[in-house]
Structures are given as structure tokens and as C-alpha cells.
Amino acid sequence: TYSLDVEALSFCEAARKIAWEVAEPAAAQVDAEAIFPQQTLSALGQSGLLGLCVPTNFGGQGQSPAVFAAVVEELSQACASSAMIYVMHVAASQTFASSQTIGQQDELLEQVAAGKHLTTLAFSEKGSRSQFWAPVSQMQAAGDGFVTNAYKSWVTSAHRADSYVSSAQKPGAASPLESTL
């Protein structure tokens, strides 16, 4: 259904192998005891799948959203928790790749591609209800940078991620729709 080429199918096969050999045997315990699936994430990192959508010039696989969706489908069949962590990581890493302002972008993407940096999204906020795309937190100018005072109510991989991509209203925003990452 994804019309994948041979190279893309190899990523799906790698994900399927990790899903059923590593993730699935631990899935019930991961969910029942709220355990972080470290073995699964380590296997994804070692296989290059944590860098699936990172551009090749940073050491990633440079794969398309269709390949990403197919890999997530493989993982989710075995362990929904592992799949959710993976989705948040890939989405967050894409903000690094598309940023025009992030410092040390090359190093960061190289670490993600090498499976040595786990990232995630910090979007959900107490005051925004389920409308994660309209943050209530606000970014304030402070010297040469910015400060954000926010209460993020839910963060996948919290305390396990090496970095967080957070959302906030832009300085001076007229509405929550004027947001930034």
C-alpha cells in the first residue's frame, strides 16, 4: 500500500525484525509497568532507524514520509508504546532538520542519525486542552535569547530524551496560533 522500492522495504524488514524479536516480547510488561522500552530504542538506534528521515548528508537514511509510515506500522503491531516514542522522535528530529536558527544543527542531526540522541515533542499543555497546536505558554525575550515558562502536561519519553522540541506563543503574539518551536 505504500509503493515502496527495494531499499525502503529493507527498512521495513529491519523494523519488523526489531518489532517481533525485541519489542513484542516486552510489550505487555512495558505497558503494564510503565517501563521505558530501552532495548527496543537501542535496537532502533543500532539499525539506523532512529535516523530514518534524517538527510543523508548528516549520516541519516534520507527516507520519505511513506517509508516512515510503513516503519511505524511495523513497530505499532508489536508494541504501541515503542511506536509512539519512535513517532515523537522522528517528528522532533524533523524540526531540527528544517530549522534555520538552531545552533549546532549538523552535530545534532549527526547524533540523531547515529542513534545516539533521542528527542521528543513537548507540546501538550494544561490550558490548551487537546489543541496542542495552540499553546498557552509564551516566549519572552531575555537578553540575547528567550525564556519560556510553561507547564507541559504530557511528554512522551520524558526524562529519557536527550532533547525536547517545545512549543510556545511567539513574543508579542496576538493569539495562540502565532506559535513557534
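Residues are numbered from 1 along each chain as its sequence is written, and side-chain values use heavy atoms, with hydrogens and water left out. As the model is predicted, local features need pLDDT of at least 70 and side-chain atom pairs count only at pLDDT 80 or more, while totals for chains, interfaces and linings use all residues.

**Helix H3 and its cover**

Helices (H or I, at least four residues) and strands (E, at least two) are DSSP runs, numbered from the N terminus. Helix H3 covers residues 65–78. Its 14 residues should span 20 Å at 1.5 Å a residue, and the end C-alpha atoms are 20 Å apart, which agrees. The expected span of a helix is 1.5 Å times one less than its number of residues.

Which residues of H3 are buried? They are Val67, Phe68, Ala70, Val71, Val72, Glu74, Leu75 and Ala78. Buried means under 20% relative accessible area, exposed over 50%, and partly exposed in between (1.4 Å probe, protein chains only). The cover over these buried residues includes helix H1 (6–32), helix H2 (38–47) and H4, where cover rests on contact, meaning heavy atoms within 4.5 Å.

**The aromatic pair**

A pair of aromatic rings is described by the distance of the centres and the angle of the planes. Rings of Phe, Tyr and Trp (its six-membered ring) pair if their centres lie within 6.5 Å; planes under 30 degrees apart count as stacked, over 60 as edge-to-face and the rest as tilted. By this rule the count comes to one aromatic pair. The ring centres of Phe68 and Tyr86 are 6.0 Å apart and the planes stand at 35°, so the pair is tilted. Because Phe68 lies in helix H3 and Tyr86 in helix H4 (residues 80–98), the pair ties together parts that are 18 residues apart in sequence. Both Phe68 and Tyr86 are buried.

**Salt bridges**

Side chains of opposite charge can pair when their charged atoms come close. A salt bridge is a side-chain nitrogen of Lys or Arg within 4 Å of a carboxyl oxygen of Asp or Glu. The structure holds four salt bridges, among them those in the table.

| Salt bridge | N to O distance |
|---|---|
| Glu74 and Arg16 | 2.9 Å |
| Glu21 and Lys17 | 3.9 Å |
| Glu125 and Lys152 | 2.8 Å |

The bridge between Glu74 and Arg16 links distant parts of the chain, with Glu74 in helix H3 and Arg16 in helix H1, 58 residues apart. Glu74 counts as buried at 13% relative accessibility, and Arg16 as partly exposed at 32%. Glu13, Arg16 and Glu74 are linked in a network of salt bridges.

Glu21 and Lys17 are four residues apart in helix H1, so about one helical turn separates them. Glu21 is exposed at 52% relative accessibility, whereas Lys17 is partly exposed at 48%.

The side chains of Glu125 and Lys152 also meet in a salt bridge. Glu125 lies in strand E2 (residues 124–125) and Lys152 in strand E5 (residues 152–154), so this pair ties together parts that are 27 residues apart in sequence. Glu125 is buried at 2% relative accessibility, and Lys152 is buried at 18%.

**Surface residues**

Phe132, Trp133 and Leu177 form a nonpolar patch on the surface, with about 360 Å² of accessible area together. Patches are made of residues with over 30% relative accessible area and no salt bridge: like charges are joined within 9 Å, nonpolar side chains (Val, Leu, Ile, Met, Phe, Trp, Tyr) within 5 Å. Accessible areas come from the Shrake-Rupley method with a 1.4 Å probe; for residues, only the protein chains shown count as cover. Leu177 sits in the loop between strand E7 (168–169) and strand E8 (179–180), and its relative accessibility of 59% makes it exposed.

Most residues other than glycine have a negative phi, and most peptide bonds are trans. Ser3, which is not a glycine, has a positive phi of about 50°. Ser3 is found in the segment before H1 and counts as exposed at 76% relative accessibility. His159 also has a positive phi, near 70°. His159 lies in the loop between E5 and strand E6 (163–166) and is exposed at 78% relative accessibility.
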